[in-house]
Amino acid sequence: MALQRLPRSILVEILLKLDPETLCSVACVSKALRFAVVDAISFLSTLHLPIAFFPDSRTLKTGILGRCRGMRSLTVNCLRLDDSSLVDFLGPNLLELNLLCCSSLSSKFLAEVGKLCPNLRVLVLELAAQDDYEEFNRNLAEMLTRCLLLDSISLKIRGAGNVEANSFSAVEAFLPKTTKTLKLKSLLHDDAICIINKLRDSGNSLINPCSRNFESPPLSTGLMLQCLSLTLDVISDELIMTIVDSLPFLVELHLEDMASPEQLVRRDLTNRGLHSLSTCHNLKSLSLMRGRYNHQVSFKKLNDMGMFLLSEGCKGLESVRFCGFSKVSDAGFASIFHSCNRLKKFEIRNALYLSDLAFDGFDAIGCFVTELRLFSCSLITCESVKHLAYSTRLEVLDLCGCKSISDSCLDSISTLCHLSSLILTATDVTDLGLSVLGQGRPPIVRLSLRSCKRVTDEGIYRLFHGGGTVSKTLSVLDIGHISGITDRAIQIIASVGVGITELCIRSCFHVTDSSVEALAMKKHFEGEGMSLRRLDLFNCIALSIDACRSFREPLFSGLQWLGIGNTRLSSDGNVGLVKFCSKRPWLALCLEGCEVGCHDGWQFHRSK
């Protein structure tokens, strides 16, 4: 390869111009390029590794970060890392630390962060469920008392069956007064109110982490906090009113719950709570989400009146996300559009009464909207999309689960010249619609056709051979759960989809070994396209054990994540695949049913 024959200094200079994900893929090509990438990274003061890249301890210490001891900002997926893998990279120079998917990180690592990173400004930690919350809070308290310059704190504990009481009691007592952003997941309603009340008080009682003695230094964090994000058991009027009274300069508020029907008998969010939010005139981003946990629940005490009151008071909103507003009609949702003329992002999920009428006149008022997500809104049809097409700045359009969306609106979508992400999951789009999209001019990078039952191989052919922009720009494609997809479609993608780096074909029952072989031979790094980085083969039951022959050097050289759960490839004793993975320490092999990158299931297992 000509690139490898360049002098090391020139090669490093070229590599420094690449983004982190491309750097990781380049490092997979050969040993020479791997050493060059390590040299290039040693010059960086900021490194944000892609979320779907799972380095192990050896790769991190001897490869990627082996020479990086002066890093000021670092983001790492820690699915295969423990405390000892990371502690060497902590130091007073570190200002920002983002550690994601920490399935094996102990709470003691928090104390180490406090000891070694006194100048830390931004901390993001995603931790698995804790066995001992008393020890967790003791270590968290030690970190917070030492990292006195923290501006942003995000602590997420995932995978716990039940939220523990006082799971973040150290935050209540020790939050640095410099903090402007606080994100916590998961905690109980009463604990959340207690924490917010403490933020408001100027004289908090603080617990010494080494003893149980109380001290009383002054704090005024509540007045400074501008962004609050909480995931808790239930959202109520009491919680909203406490937030409004305690945090007068709030700019962003994100609340999510998974309430049980029993909890909603005692407390819930009503129009009164939304009305109190209308006094937050600085609010620019608002998210109120009610999720599902083994049952269907929604904000049944909210209706159009609450939306009218909210929209009148919060006219500066730029981002809105609502889920579970089952009693709100077109009039309530439309009031947001008409009152908030700076709106850029709008997301509605599971709205039973949201229909095309809400978007009537959107062409005149929605010109600033760049991101629109309508998830499982069954009354939305193609008429809405035709109105949305007048928003010339639209970059993201998500119509997942809107079953009345069909081919007739793809003409309008094909005129959106800035559209980079299009989600058509579980819609009624067919091969004819994909033909229209394939001839259009949107520079679509991410496309989901998952569960579009009427799409076949012919539609994939028309998408890539239509002569439009999408065949050149498409990087992420999801065609999972489609019975009409066979080897022909995958071979088209392998030969024509030069930019495809992420492909999901899970539960495509007619995909066989020849598809894997075609993807393995996909051209890359020779001016002909990008290498495949993430491949989801989960539940492709037609694959045989012989498909593992495609996973050998130098094939799939850039692969970083491979999902093979519920296939013959995941059987014990697959020597070929084990050997393949042993030579690629950067490759995460998922044997579960996780979505691409294990974002949804990391807290329950470790990728092999």
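Where is His 481 found?

Tutor: His 481 is found in the loop between strand 18 (476–478) and helix 22 (487–496). This is a predicted model, in which local features need pLDDT of at least 70, side-chain atom pairs count only at pLDDT 80 or more, and totals for chains, interfaces and linings use all residues. Residues are numbered from 1 along each chain as its sequence is written, and side-chain values use heavy atoms, with hydrogens and water left out.

The backbone at His 481 has a positive phi of about 60°, although the residue is not a glycine. With a relative accessible area of 28%, His 481 is partly exposed, a class that lies between buried (under 20%) and exposed (over 50%), computed with a 1.4 Å probe and protein chains only. Asn 566 likewise has a positive phi, near 60°, in a residue other than glycine. Asn 566 is found in the loop between strand 21 and helix 24.

Two cis peptide bonds may be described next. One joins Glu 553 and Pro 554, with omega about 5°, and Pro 554 has its place in the loop between strand 20 and strand 21. The other runs from Lys 185 to Ser 186, with omega near 5°; Ser 186 is in strand 6. Strand 6 (residues 181–187) also holds Leu 187, which counts as buried because its relative accessibility is 1%. The C-alpha atoms of Leu 187 and Val 234 are separated by 9.6 Å, and the two residues are 47 apart along the chain.

The aromatic side chains deserve attention as well. The structure holds 8 aromatic pairs (ring centres of Phe, Tyr or the six-membered ring of Trp within 6.5 Å; stacked if the planes are under 30 degrees apart, edge-to-face if over 60, tilted otherwise). Among them, Phe 322 and Phe 325 are stacked, at 4.4 Å centre to centre and 20° between the planes. Phe 322 is buried, at a relative accessible area of 1%, and Phe 325 is buried at 2%.

A further pair is formed by Phe 551 and Phe 580: the ring centres are 5.5 Å apart and the planes stand at 65°, so this pair is edge-to-face. Phe 551 lies in the loop between strand 20 (534–536) and strand 21 (561–563), while Phe 580 belongs to helix 24 (residues 575–582); the pair therefore ties together parts that are 29 residues apart in sequence. Phe 551 is buried, with a relative accessible area of 2%, and Phe 580 is buried at 3%. The loop that carries Phe 551 is also the place of Pro 554.

Elsewhere, Tyr 133, Phe 136 and Phe 168 form one aromatic cluster. Arg 349 lies over the face of Phe 375, at 4.4 Å from the ring centre; the criterion is NZ of Lys or CZ of Arg within 6 Å of the ring centre and within 35 degrees of the ring normal.

As for the chain as a whole, its secondary structure comes to 24 helices and 22 strands, taken as DSSP runs numbered from the N terminus (helices H or I, at least four residues; strands E, at least two). Of its 608 residues, 58% count as buried.
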